[in-house]
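Subject: Structure for you to look at

Hello,

Here is the structure I said I would pass on. Please open it alongside this email, and my notes follow below.

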Amino acid sequence: MSKFFKYKSAAELGAENARLGIDLRFSEDLAPLFQPLVVGPRTIGNRWGIHPMEGCDGEPDGSPGELTFRRYQRFGAGGAKLIWGEACAVTPQARANPRQIVLNESTKSAFMRMVADCRKAHCDANGTDTDLLLGLQLTHSGRYSHPHPIIAIHDPILDPRTTANRATGARVTADYPLITDDELKRLVDDYVRAAKLAVEVGFDFIDVKQCHRYLLNELLGARNRPGPYGGSYENRTRFAREVFQAVRAAVPAYVVLATRMNVYDGIPFHKSANDDGTPDTHALPLVNGWGMSEGDPFTVDLTEPLRWIAEMRALGVTLVNVTMGNPYAQPHYGRPFEYAPPDGYESPEHPLTGVDRHFRTVEAIQKTFPDLALVGTGYSYLQEFLPQVAAANVRDGRVSIVGVGRGTLSQPDWVRQLLDSGKLDRKRVCRTFSYCTAIMRAKQHPLGQYATGCPPFDKEAYGEIWKEVQQLNVKKS
């Protein structure tokens, strides 16, 4: 049963908006969502984007699997004109799980098939792909790399949460080695190699991922790292700067340079005795962190993120996707939810407060950079009222592109639905059940990771997988 989301109309949701003192806006005129937008040297046909939704369904060698191909065909046919391809590790050691995709010479042909299938599906359903922007997210998982963490800093809050040895469950301790400066310098070449291959296989944009406390995001907040990649703002942004410079020099000018970036890291939360999310014990001033002050970790501080966005634009970045938090440590920041996953905590705040946090933060960035193609987050929680709120945000200049994540798994054709009927299919709207998260957290699969999707509304592909995961949870309990 829903704990928070009991709204039967936009009016009821508006009343809750007033009660909470937040700033959700509504518009029945969806036309702003179907206006074109210039993104660097390209123009996209509407303001809808699909977030990088990792399916954990690649093959052991890093090539896309059959469920990966299926997912991108469905995304392509759905009608969104920005498809932000999922996390692709720049080296096998940088994967977050053993089924994360990796682009290299041996997997190149499979990626070509994935891109071609996606584009064909888009053309078949929408007439043309000339106004479609399809990209790939290049990632290094850093602290969350599989099978061993690769950390840039020692953090008194995150280290006790980071598994150093999956077999024994041992955690990272003070003597665990940091990635060296020389290793970081060599890693720039891995980003360039992957970016060149991404262009060869047909992607339109390259995302250098800086979010969710993975390696580049960890470096942005690495105040206690010694040497040229930590400490000062200039040093903490150095590695990402070197990657952007190298990639921009290596790929053609028509390729859009992008980033999905945390603008706020936040403090980790854990499940309390009553199942609510509770902040981990922490000392002030904070040792590390990005987008939050050392003395007030619960408030977004855009001082450094705004400075860095301005510098990235000078480096050639023309597309920015804004996100927050850490899905392993405080998922309610990044993706406000109604139902917690089996191993997670109940939301410590009204989820609409989290949605509003996203909208206000993105608006502040968009107002600072009005000509920047900016992708917003936090929309799936709004369920069937998502289009009205999205239209108002675009209309009011709060955001350029509306990004949808979990909602694409339950109904990847949502843009076509709006074009055809002006509304969403209520029977397939994502209710933020967190089943997709629960499957991702299950590791007992023979390949070390279950593929994930939306079991309630895509039973054909994920119904049996969900039954397996449920049985595992029963055995554990």
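Which residues have the most contacts inside the largest nonpolar core? Keep in mind that this is a predicted model. The residues in question are Trp48, Tyr191, Phe239, Trp308 and Leu382, and the core they belong to has 112 residues. Helix H4, residues 181-201, supplies the largest share of this core, with 11 residues. As background, nonpolar side chains in soluble globular proteins tend to be buried together.

Setting aside residues within four places in sequence, Phe239 is in contact with Leu184, Leu187, Val188, Tyr191, Leu216, Leu219 and Tyr229.

Next, the pair of helices H4 and H7. Two packed helices are described by the angle and the distance between their axes. Helix H7 covers residues 238-250, and its axis comes within 9 Å of the axis of H4, with a crossing angle of roughly 35°. The crossing of H4 past H7 is right-handed. On the H4 side the contact is made by Leu184, Leu187, Val188, Tyr191, Val192, Ala195 and Lys196. On the H7 side, Phe239, Glu242, Val243, Ala246, Val247 and Ala250 take part. By type, the residues of this contact are 11 nonpolar, no polar and two charged.

Helix H10 (residues 351-368) has 18 residues and spans 26 Å from its first C-alpha to its last, close to the 26 Å expected at 1.5 Å a residue. Of the 18 residues of H10, 13 are buried, so the helix is largely enclosed by the rest of the structure.

Helix H3 has 19 residues and reaches 27 Å between its first and last C-alpha atoms, close to the 27 Å expected at 1.5 Å a residue. Its buried residues are Lys108, Ala110, Phe111, Met114, Val115, Cys118, Arg119, Ala121, His122 and Asn126. The elements covering them include helix H2 (66-78), strand E4 (82-89), strand E5 (101-102), E6, H4 and H13. Just after H3, Gly127 has a positive phi of about 95°.

Not counting residues up to four places away in sequence, His122 touches Gly76, Ala77, Gly79, Ala80, Lys81, Gly127, Thr128, Asp129 and Leu132.

Now some backbone details. Most residues other than glycine have a negative phi, and most peptide bonds are trans. Where are the cis bonds I noted? One runs from His146 to Pro147, with omega near 5°, and Pro147 sits in the loop between strand E6 (133-139) and strand E7 (163-165). Another joins Leu284 and Pro285, with omega about 0°. Pro285 is in the loop between strand E12 (277-279) and helix H8 (303-314).

Asp275 is not a glycine, yet its phi is positive, near 80°. Asp275 lies in the loop between strand E11 (269-271) and E12, and is partly exposed, with a relative accessible area of 37%. Thr432 also has a positive phi, of about 50°, although it is not a glycine. The loop holding Thr432 is between helix H13 (414-421) and helix H14 (435-441). With a relative accessible area of 1%, Thr432 is buried.

Thr318, in strand E13 (residues 317-323), is 55 residues from Ala373 along the chain, and their C-alpha atoms are separated by 6.4 Å. Thr318 touches Val39, Gly40, Val256, Leu257, Leu372 and Ala373, leaving out residues up to four places away in sequence. Thr318 is partly exposed, at 27% relative accessible area.

Glu12, in helix H1 (residues 10-20), is 92 residues from Asn104 along the chain, and their C-alpha atoms are 51 Å apart. Glu12 is partly exposed, with a relative accessible area of 38%. Beyond four places in sequence, Glu12 touches Lys6 and Tyr7.

Best wishes

Note on methods
Residues numbered from 1 in each chain as written. Predicted model: local features only at pLDDT ≥ 70, side-chain atom pairs only at ≥ 80, totals over all residues. Heavy atoms only, no water. Core = buried A, V, L, I, M, F, W, Y, C linked by side-chain atoms within 4.5 Å. Buried < 20%, exposed > 50% of the residue type's maximum accessible area, 1.4 Å probe, protein only. Helix = DSSP H or I, 4+ residues; strand = E, 2+ residues; numbered from the N terminus. Contact = heavy atoms within 4.5 Å. Axes fitted to C-alpha atoms, helices over the stretch in contact; angles between N-to-C directions. Left-handed = near helix turned anticlockwise from the far one by under 90°. Nonpolar A, V, L, I, M, F, W, Y, C, P; charged D, E, K, R; others polar. Expected span 1.5 Å × (residues − 1).
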